[in-house]
Amino acid sequence: MEDLTLVIHFLIYGALPYIVMAVLFVGSIGRFILAPYTWKSQSSQILDRHEIMWGANLFHIGVIFLFCGHCAGLFTPPEVLDAFGLTPPIHQMVEIFTGGFFAILALIGIGMLIARRLGNPRVRISSRSSDFLVLALILLVLALGICCIINAYFTDRSGKDIVIFGEWVRGLFTFNPSAWTLMLDVPIWQKLHIFVGLLIFLVVPFTRLIHIWSGYLSPLYLIRPPQIMRINQKPMK
Ligand code: HEM
């Protein structure tokens, strides 16, 4: 293999994941310290609440299930999956059909959110370029994810590639210096998908995606002490 190909693979699948993790954690904590009141989604619901409801709900349901699927699929060793009867070919088919279902929900949702942001003048005018960047990256990563499963369905359903992706991710977390070499021979769709996926995590601290963190903590609202609201009793002049 050419030297340049090796260098590009090392940079994207060997170095970039660590850069992303460092920027994600240091950047998110830094933003919390420097600008705590921007640690939110900057919702535009107030400008229009009807159009956003369906798009945001479909997108979030899709993406939350995809996130859980990615974590379970990539971090569980194949021996454990085997013990539950999920051999690589079965794992691949489960991933194609459940992942495909939630990918389509998320894709419809993001399509509606993009149409709203571009089509509603009030929302468009109050948008920043980072809002469009985030939407474009998410659309691209979803489209590439769907290309991955279509490609897997028609070319190789043995599940050997998803075993490789798991080994790569676990290799990164166990600091295996040659983990990146596992990515040399996987299909191009997966290479592109993972690259764009990493870029999404890279921009989290600098965009409205920062609300991923506050979203995890939002169930605490259910158990928080009641807020005391006082009305100013001074008579108006
Ligand atoms: C670092 C980040 C990411 C990594 C390492 C990653 C990895 C993967 C892998 C290995 C697959 C399986 C491909 C195959 O079947 O061969 C996949 C599929 C997919 N990914 Fe990702 N991904 C990442 C981020 C994302 C993000 C941010 C989204 C959506 C917002 C996403 C959406 C999808 C979809 C829709 C599929 C196809 C359905 C499925 O397998 O669940 N991915 N991804």
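Start with one definition: a residue is buried if 20 or more other C-beta atoms lie within 10 Å of its own, exposed if 12 or fewer, and partly exposed in between, with C-beta atoms placed from the backbone. By that count, 17% of the 237 residues of the protein are buried. You are looking at a predicted model, in which local features need pLDDT of at least 70 and side-chain atom pairs count only at pLDDT 80 or more, while totals for chains, interfaces and linings use all residues. Residue numbers run from 1 along each chain as its sequence is written.

**Whole chain.** Show the cartoon. The protein has nine helices and zero strands; here helices (H or I, at least four residues) and strands (E, at least two) are DSSP runs, numbered from the N terminus. The C-alpha trace spans about 80 × 40 × 35 Å along its principal axes. Among contacts with a separation of 6 or more, 83% join residues 24 or more positions apart; two residues are in contact if their C-beta atoms, placed from the backbone, lie within 7 Å.

**The ligand.** Now select the ligand and its surroundings. There are 26 residues around the ligand, and G99, A103, G145, F165 and G197 are the closest; a residue is counted as near if its C-beta atom, placed from the backbone, lies within 6 Å. Colour this shell by type and you get 16 nonpolar, eight polar and two charged residues. Here Ala, Val, Leu, Ile, Met, Phe, Trp, Tyr, Cys and Pro count as nonpolar, Asp, Glu, Lys and Arg as charged, and the others, Gly among them, as polar. At least two shell residues come from each of α2 (50-75), α4 (88-119), α6 (129-155), α7 (160-173) and α8 (188-203).

**Helix α6.** Highlight I138, V141, L142, G145, C148 and A152, the buried residues of α6; they pack against α4, α7 and α8.

**The core.** Finally, select L58, F59, L66, F102, A103, A106, I110, L113, I138, V141 and L142, the largest nonpolar core. Such a core is a set of buried Ala, Val, Leu, Ile, Met, Phe, Trp, Tyr and Cys residues joined through C-beta atoms within 7 Å. α2, α4 and α6 each supply at least two residues of this core, and α4 gives the most, with five. Centre on A106: leaving aside its neighbours within four places in sequence, A106 contacts F59, G62, V63, L66 and L142.
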